[in-house]
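Please have a look at the sequence and the structure first, and then I will walk you through some parts of the fold.

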Amino acid sequence: MGGSNDRVMLSGVPGSPYTRKMVALLRYRRIPYSLVQLSHEAPNLPRPKVSLLPTFYFPDGAGGLTAATDSTPLLRRLEREHAGREARPADPALALIDAVLEDFGDEWLTKAMFHYRWAYEPDIAKAAAVLPAYTRSRLPDEELQAAGRAFAERQIPRLRYVGSNPTTGPVIEASYVRFLDLMEAHLRDHRFLLGGRPAACDFAAYGQLTQLIHFDPTSMALTHARAPRVAAWTLLMEDLTGEEPTEADWFDAAALPATLTAILAEAGRTYAPLLLANARAVRDGAAEVQTHIDGQPWVMQPFPYQAKCLGWLREEYAALAPEDRTRADAALAGTGCEAMFTA
Ligand SMILES: N[C@@H](CCC(=O)N[C@@H](CS)C(=O)NCC(=O)O)C(=O)O
């Protein structure tokens with residue numbers, strides 16, 4: 001079933017931002033892949049430990065397949081196993097900046113994506129109507145609608161895991177609007193976040209923006225009115241097979257443009273304090289994360305996975321050679337992101 005041995009196999013759906021992240025990455029890197037459309041007739045593929053999309057399937061060396069999830073480690077595995085057109089900068093200092101911004105996309109922008117999808121009626125109605133049809137379109141109308149309602153009833157309570165609630169909603173929305181303005185300003189001068197070629201952080205931001213800008217009505221209207229370049233960029237990122245990247249396309253970590261430093265400062269103002277507060281709450285076994293983001297109260301359930309994210313970033317930072325760390329420190333100085341590595 002599916003691709004021959006040299007094709008990467010994955011399952012996922014268009015409504016899954018992380019699926020979009022990884023499919024766009026595979027296209028850019030010209031890595032042959034088979035995207036298995038999951039539906040109730042899907043062949044019996046191995047189940048991952050945690051049921052998440054996208055799920056990748058790799059040969060298990062015994063003629064079978066093993067399932068793997070989580071886009072960040074998967075992206076790095078593909079960097080190791082497939083040469084050329086890398087999405088991770090070779091320069092370790094710039095690679096750390098990339099890792100910070102990839103996580104900002106995956107773990108903070110995703111809060112805006114989940115919030116705008118499940119906080120407002122028009123978005124809930126569209127998501128409940130369309131999302132189940134990605135995998136269950138052959139159901140009769142009533143059953144498909146029932147599946148949509150059930151999915152919405154499952155997702156809406158999960159807002160609290162993501163940290164979207166009446167207290168945090170305005171913080172999430174204000175940050176999303178700031179990010180749009182900052183990204184719009186950056187795209188006036190540059191094609192991608194880290195220069196003239198896309199990096200892991202571009203695919204992370206793109207994944208969430210595919211939903212925020214081209215699916216969920218409330219954020220879609222807001223974004224098209226405010227950030228036409230970001231809206232266009234999100235569609236351009238869909239298929240970068242035609243790009244011809246060179247090493248010279250990367251920014252110099254010692255001379256990052258102010259537009260990129262401003263985006264790092266947005267991450268330092270919101271996502272960095274959240275990761276630190278969440279890691280403390282997970283460490284202390286607290287029932288709730290209670291902190292202030294952007295000067296406003298923030299409460300949410302502790303999220304063990306995001307404590308791991310902070311750990312992975314700190315591992316990458318700790319592995320830097322002294323001269324690379326000096327350049328990374330200089331690039332992060334004053335953005336607020338440095339607190340993740342000093343606290
Ligand atoms: N950290 C994971 C997150 C993956 C994830 O949360 N995927 C969503 C779909 S976009 C999912 O499967 N959620 C579980 C569910 O809805 O049951 C990654 O980067 O791949």
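I will begin with a sheet, go on to the helices, and end with a few single residues in loops.

Before anything else, please keep in mind that this is a predicted model, and that the values I give are computed from it.

Let us start with the sheet, which is open, has four strands in the order 2-1-3-4, and shows mixed pairing. Its edge strands are strand 2 and strand 4, the latter covering residues 65-69, and each of these two pairs on one side only. If we ignore direction, neighbouring strands of this sheet are turned by 30° against each other on average.

Now take strand 1, which spans residues 8-12, and ask how many of its residues are buried. The count is five of five, so that, with buried meaning under 20% relative accessible area, strand 1 can be described as mostly covered. As a general point, the side chains of a regular strand alternate between the two faces of the sheet.

Going along the pair, Val8 stands opposite Tyr33 of strand 2, Leu10 stands opposite Leu35, and Gly12 has Gln37 as its bridge partner. The chain passes from strand 1 to strand 2 by way of helix 1, residues 17-28, and these three elements make a right-handed β-α-β unit.

Strand 1 also pairs with strand 3, residues 55-59, but here the sense is antiparallel and there are three bridges.

Is Tyr57 buried or exposed? Its relative accessibility is 6%, and because buried means under 20%, Tyr57 counts as buried. Leaving aside residues up to four places away in sequence, Tyr57 touches Met9, Leu10 and Ser11, then Leu45 and Pro46, and also Leu65, Thr66 and Ala67. The C-alpha atoms of Tyr57 and Thr69 are separated by 8.9 Å, and these two residues are twelve apart along the chain.

Next come the helices. Helix 2, residues 71-81, lies across strand 1, strand 3 and strand 4, and runs at about 35° to strand 3. In general, two packed helices are described by the angle between their axes and the distance between the axes. Helix 2 and helix 3, the latter made of residues 92-118, pack at an angle of about 140°, with their axes 11 Å apart. Angles over 145 degrees would count as roughly antiparallel, and the two helices are therefore oblique to each other. On the side of helix 2 the contact is made by Ser71, Thr72, Leu75 and Arg76, and on the side of helix 3 by Ala99, Glu102 and Asp106. Sorted by class, this contact has two nonpolar, two polar and three charged residues.

Finally, I would like to turn to the backbone in some loops. The peptide bond from Leu53 to Pro54 is cis, with omega near -5°, and Pro54 is found in the loop between strand 2 and strand 3.

Arg30, in the loop between helix 1 and strand 2, has a phi near 50°, which is a positive value in a residue other than glycine. With a relative accessibility of 44%, Arg30 counts as partly exposed. Further along, Asp294 has a phi near 60°, again positive in a residue other than glycine, and Asp294 lies in the loop between strand 5, 289-293, and strand 6, 296-300. At 24% relative accessibility, Asp294 counts as partly exposed.

Note on methods:
Residues are numbered from 1 along each chain as its sequence is written. This is a predicted model: local features need pLDDT of at least 70, side-chain atom pairs count only at pLDDT 80 or more; totals for chains, interfaces and linings use all residues. Side-chain values use heavy atoms; hydrogens and water are left out. Buried means under 20% relative accessible area, exposed over 50%, partly exposed in between (1.4 Å probe, protein chains only). Two strands pair if DSSP finds at least two bridges between them. A crossover is right-handed if, with the strands pointing away from the viewer, the path from the first strand over the helix to the second runs clockwise. Axes are lines fitted to C-alpha atoms, for helices over the stretch in contact, and angles run from 0 to 180 degrees between N-to-C directions. Angles under 35 degrees count as roughly parallel, over 145 as roughly antiparallel, 65 to 115 as roughly perpendicular and the rest as oblique. Contact means heavy atoms within 4.5 Å. Ala, Val, Leu, Ile, Met, Phe, Trp, Tyr, Cys and Pro count as nonpolar, Asp, Glu, Lys and Arg as charged, and the others, Gly among them, as polar.
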